[in-house]
Amino acid sequence: SGSYAELGKQWYQRRVRVLLEKYTQDKAWVFFRGDKSLETIPVTFESHGVTVRCHTVYGVTCREGSEGSLRAVLYNRMYGAVVFFSPTGVEYSAKVVQELDRSVLFVAFGPTTEKAIVEMFGDDRRRVTCKNPTPEGLVEALELSRQKSL
């Protein structure tokens, strides 16, 4: 899994370079974010001389009754995989998802989400991480997992 994290980091760094080359550094940038946002984006840009002003514009909370909804979806059904798109998704579904059979594959949409999966469920769960946070990256991750299990 370390290689997936490294690939994600490299992908992110390439995107930062493209943005820095494309836009001027002589003006501050505004970063609108949620209350659970990591400092990765502002710290990265500031390390390249860009002033970033962060503004929290939305909060991420678990909907009331969502645990019951998850249980209803998962009850008496077999799933081959659960896809997590964010660390918050891991956090809010953990209580129910941890009850799933250990053969269920956990798919992380990126390295930060993969880290949340490991922290929440341990390092011994079957998992794969998307190299790119795109629908194509998700398909590639699932294909890779399928090939490994053959």
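## Overall layout

Along the sequence, the protein chain runs through the pattern α-β-α-β-α-β-α-β-α-β-α. That makes 6 helices and 5 strands in the protein chain. Please keep in mind that this is a predicted model.

Of the 150 residues of the protein chain, 29% count as buried. Among contacts between residues at least 6 apart in sequence, 52% join residues at least 24 apart.

In soluble globular proteins, nonpolar side chains tend to be buried together. Here, the largest nonpolar core has 14 residues, and the members that touch the most others are Phe 84, Phe 106, Ile 117 and Phe 121. At least two residues of this core come from each of β3, α4, β4 (105-108) and α5 (111-121). Helix α4 provides the largest share of this core, with 4 residues. Another core, of 7 residues, lies apart from it and includes Leu 105, Phe 109, Cys 130 and Leu 138.

Not counting residues up to four places away in sequence, Ile 117 touches Phe 84, Val 90, Phe 106, Val 107, Ala 108, Gly 122 and Arg 127.

## The second largest pocket

How much space lies in the second largest pocket? The volume is about 320 Å³. There are 18 residues lining the second largest pocket, and Ser 66, Leu 70, Gly 89, Tyr 92 and Ser 93 are the closest to its centre.

Three elements, α3 (66-74), β3 (81-84) and α4 (87-97), each supply at least two residues of this lining. Helix α3 gives the most, with 5 residues. By residue class, the lining of the second largest pocket divides into 11 nonpolar, 6 polar and 1 charged.

## A look at Ser 145

Ser 145 sits in helix α6, which spans residues 135-149. Is Ser 145 buried or exposed? Its relative accessible area is 11%, so Ser 145 is buried, the cut-off being under 20%.

Leaving aside neighbours within four places in sequence, Ser 145 is in contact with Leu 105, Arg 126 and Val 128. Leu 105 is also one of the members of the core of 7 residues. From C-alpha to C-alpha, Ser 145 and Val 107 are 9.3 Å apart in space, while 38 residues separate them in sequence.

Conventions:
Residues numbered from 1 in each chain as written. Predicted model: local features only at pLDDT ≥ 70, side-chain atom pairs only at ≥ 80, totals over all residues. Heavy atoms only, no water. 1 Å grid on protein atoms, 1.4 Å probe; cavity = no way out; pocket = protein on both sides within 12 Å on 5 of 7 lines; lining within 4 Å. Points joined across faces, edges and corners; volume = space filled by probe spheres on them. Nonpolar A, V, L, I, M, F, W, Y, C, P; charged D, E, K, R; others polar. Core = buried A, V, L, I, M, F, W, Y, C linked by side-chain atoms within 4.5 Å. Buried < 20%, exposed > 50% of the residue type's maximum accessible area, 1.4 Å probe, protein only. Contact = heavy atoms within 4.5 Å.
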